[in-house]
Amino acid sequence: MSSTEPRRGRRLDFGGFLRMIASDRSPGPAAPAADDPAPEQTPKGSTLLDKSLDRRDAMKALLTGAAAFGAAATAQASIGKSDAEKERRQLEWEEYFKGNYRLMTEQERRETIARLERLAELKRGQRVSIAGTPAREGVLYGYAFNISRCRGYRDCIRACVLENNQDRASTMQYIRIFEIKNGHMSPENGNADYFHEVPQEGHFYLGTQCFQCENPPCVKVCPVGATWKEPDGITVIDYDWCIGCRYCEAACPYWARRFNWHEPKIPRNELNPKQHYLGNRPRKKGVMEKCTFCIQRSREGQLPACAEACPTGARIFGNLLDPNSEIRYVLENKKVFRLKEDLGTEPKFWYFMD
Amino acid sequence: MSLFAKNQQLRRVLYVLWIVIAAVGAWGLWQRAETGHRLANYGSYVPWGLWVAAYIFFIGLSAGAFLLSALVFGFGFNKLERLAPYALLTALATLFMALFSIFLDLGHPFRAVNVFLHPNFGSMMTWMVWLYTAYFILIIAESVLAFRPLLANQQEGLRGMIAKLIGSANGYTDEQRERDESRLKILGRLGIPLAISFHGGVGALFATVVARPYWHSALYPILFLTGALVSGGALMLAVALIFGDDMDPAGEAIQMLRKIVVGLLAFDLLLEWAEYSIPMWYNIGPEAALMKEVLFGHYWYVFWVFHFGLGAIIPLILFMRAPKSAPALITGGLLTALTYMAVRLNLVVPALIEPQLKGLENAYIRSRLVFEYFPSAMEWSVLAGITALGAALWYVGYRLVLNRERMA
Ligand code: SF4
Ligand code: SF4
């Protein structure tokens, strides 16, 4: 995100308008931390306090003077409201004509992202930062799952849902942990719907998610090129280009894709504001989504939320092209296997045992 | 005079039927507009349902009807000449129904234009959309040429407007006729490979998905094509006998069509035998269990009662036993055409019923996460709405262009 980019709209909240006017906030604000509920802290006593105004309105408001404040404030509030509404509509209109993210120029990407950030603010009253961090050179992500370590706690699932702003209403989850009886190997004999103490005697646990196939059928079938494989091996979706045909969902052999049958719901205080355009920014109704190895984290050098959350160290994530990475160590020294290898999808997700 | 014009009772039955279907359909379409996909029973495990099946059903009818008309226009197959304009109109109306079904199935229908803005020609679906578009244009062009002589010298009202639009309001000379016929010949011939490729392509859209062994069969595109011809041909048989002008059930056109439908039906059954018997023979392998589910599972009656019984055996008996009886041919034709929907459902849904990772069926049982599928009331009524709209479109075309006689 560039902070030098022209701004589309300015917001003034009267709770601290001098600070705001002086700062001339850029569209790519330093990412508000997850625990920075700025909009919530804004006093909400009067309708005026949380209205957006542009600079012209702000100047007008200042000129009315303190004596006339009460009357003026009411008038300005309605102007502010309709201006914000107008801006929102304008931005939504512009959104409608944007192209496929993959084909956008740098400039267009920046504009799009600024627009989405502003829209998030206008619509939900929450400030988010949406990154467009591209793939790094010399990086190809891979994942390994240690079957002997996983104890079925499903902390990874919780972390994933929170990190990736998944719809809570439909309990959408990218990860499944299968509880499988010893003596079997495939999830076919497993159960992902267990509600009891773990680990269970005589069982082991195996997790699935999008395997970021090197040869992904989901990408090949998409009629509009709304989903593609990035240079670092992550299969992503442009949620604003997807037409919602669900061909990719039918074509994925691992059931890794999730469709938004209705408008996703995320509790206000649980929204993760640190987002990526191709990752965890909130989706709309009618589009596909899936695990992106937490692109918003991995491209910033962090582990995906699932790998970080796992208390047993069963999840290994890293750069397949780095000979010193842990994932390479696993691939070179352990007996590994992948699911449905015969299909030739070449998942970049391996299972192994200690 | 057509049977429809002669027989007031038949007309009443059809009108009432249409009103009921349209009323149910209006409710369904309204629900779809209001609640989106929320009331649908397809979901995350079975992402495609009734509307996708309806789409391939309608598009099959369209392709089948169109190919019949193309035989006439493109190759001067004169025995069917009288049926050709009806076939063309039917192809147009069912094409509309198919496109409307799939439009409503999309999560973002209005983004469908992205398939033109940024097509991925690696995807079978892209080919579909592009070929349909070509087909749509071709069918419109053919309709203009074929309907010109029928609307010659029409000046009044809606008919006059259409006549003006297609350029025959001020008469239609022999010279024009000759020119249009040679144009129709070219379009008809172009249409045949087009219809074959787009409908075979719909089959390929499913067949190319390796993740679904049930679909992943080289026979699929062929099955789709035969299905299109069977269902489209059978529908035309009924349509011609009900709406055609003085259509003699013993006449050459109908008898020819009857023979075509019987032959295709038999061929279709042969293909189905191959499709089911090979994966099931040793009862091993990924498709065997699914096919067993289709034939003997929960929804066994979709195959046995609707498809095999009502859609194939009874019509075959009617066609063979009472080859010259209009009621028998109409019943047989309608049964074959309408129950073909059962085949389409069995083509789409079973593949999706099988979990890609078996244990998933035990995962989080919520309404959207079940490996079971029976269409919801909303889905059925939307289908009714599409049917009513398509039928209305057809009827308007019929009254304006094909048949202007007074009803008895
Ligand atoms: S696991 Fe499925 S969604 Fe993920 S890349 Fe492979 S085919 Fe695509
Ligand atoms: S649902 Fe979206 S991403 Fe998937 S194939 Fe259709 S358009 Fe592409």
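## A mixed sheet in chain A

In chain A, 4 strands form an open sheet with mixed pairing, and their order is 11-2-13-12. The model described here is predicted. Strand 11 (315-319) and strand 12 (336-337) of chain A each have a single partner strand and stand at the edges, so one side of each lacks a neighbour in the sheet. In general, the strands of a sheet pair through backbone hydrogen bonds, in either a parallel or an antiparallel manner.

Strand 12 of chain A runs antiparallel to strand 13 (residues 349-352) of chain A, and 2 bridges join them. Within this pairing, A:Phe337 stands opposite A:Tyr351 of strand 13. Helix 11 (residues 326-333) of chain A packs on the sheet, where it touches strand 2 (141-146), strand 11, strand 12 and strand 13 of chain A. The direction of helix 11 makes about 110 degrees with that of strand 11 of chain A.

## An antiparallel sheet in chain A

Chain A also contains an open sheet of 3 strands, with the order 4-3-5 and antiparallel pairing. Which strands stand at the edges of this sheet? They are strand 4 (190-191) and strand 5 (203-208) of chain A; each has a single partner strand, and therefore one side of each is left without a neighbour in the sheet.

Strand 3 (residues 176-181) of chain A pairs with strand 5 of chain A over 6 bridges, in the antiparallel sense. A:Ile180 has A:Phe204, in strand 5 of chain A, as its bridge partner.

Most residues other than glycine have a negative phi, and most peptide bonds are trans. Two places in chain A may be read against this background.

The peptide bond from A:Val198 to A:Pro199 is cis, and its omega is near -10 degrees. A:Pro199 lies in the loop between strand 4 and strand 5 of chain A. A:Gln212, a residue other than glycine, has a positive phi, near 45 degrees. The loop that holds A:Gln212 runs between strand 5 and helix 7 (217-221) of chain A.

## Salt bridges

Side chains of opposite charge can pair when their charged atoms come close. Over all chains, the count comes to 30 salt bridges.

One of these pairs is A:Arg115 with A:Glu95, whose closest N and O atoms are 3.0 Å apart. The pair links distant parts of the chain, 20 residues apart: A:Arg115 belongs to helix 5 (residues 106-124) of chain A, and A:Glu95 belongs to helix 4 (residues 69-96) of chain A.

## The interface of chains A and B

The contact between the chains takes 48 residues from chain A and 46 residues from chain B. Together the two chains bury about 3900 Å², of which 59% is on carbon and sulfur atoms.

How many salt bridges are found across this interface? The count is 1. B:Asp105 and A:Arg246 meet through their side chains in a salt bridge, with a distance of 2.8 Å from N to O. Between chain B and chain A, 19 residue pairs are in polar contact. On the side of chain B that touches chain A, helix 5 (114-117) and helix 6 (124-147) of chain B each supply at least two residues. The residues of that side of chain B comprise 24 nonpolar, 15 polar and 7 charged.

Key
Residues numbered from 1 in each chain as written. Chains lettered and ligands numbered in written order. Predicted model: local features only at pLDDT ≥ 70, side-chain atom pairs only at ≥ 80, totals over all residues. Heavy atoms only, no water. Contact = heavy atoms within 4.5 Å. Buried area = accessible area lost by both parts, 1.4 Å probe. Salt bridge = Lys/Arg side-chain N within 4 Å of Asp/Glu carboxyl O. Polar contact = N/O pair within 3.5 Å; in protein donor to acceptor, adjacent residues only side chain to side chain. Nonpolar A, V, L, I, M, F, W, Y, C, P; charged D, E, K, R; others polar. Pairing = 2+ DSSP bridges. Axes fitted to C-alpha atoms, helices over the stretch in contact; angles between N-to-C directions.
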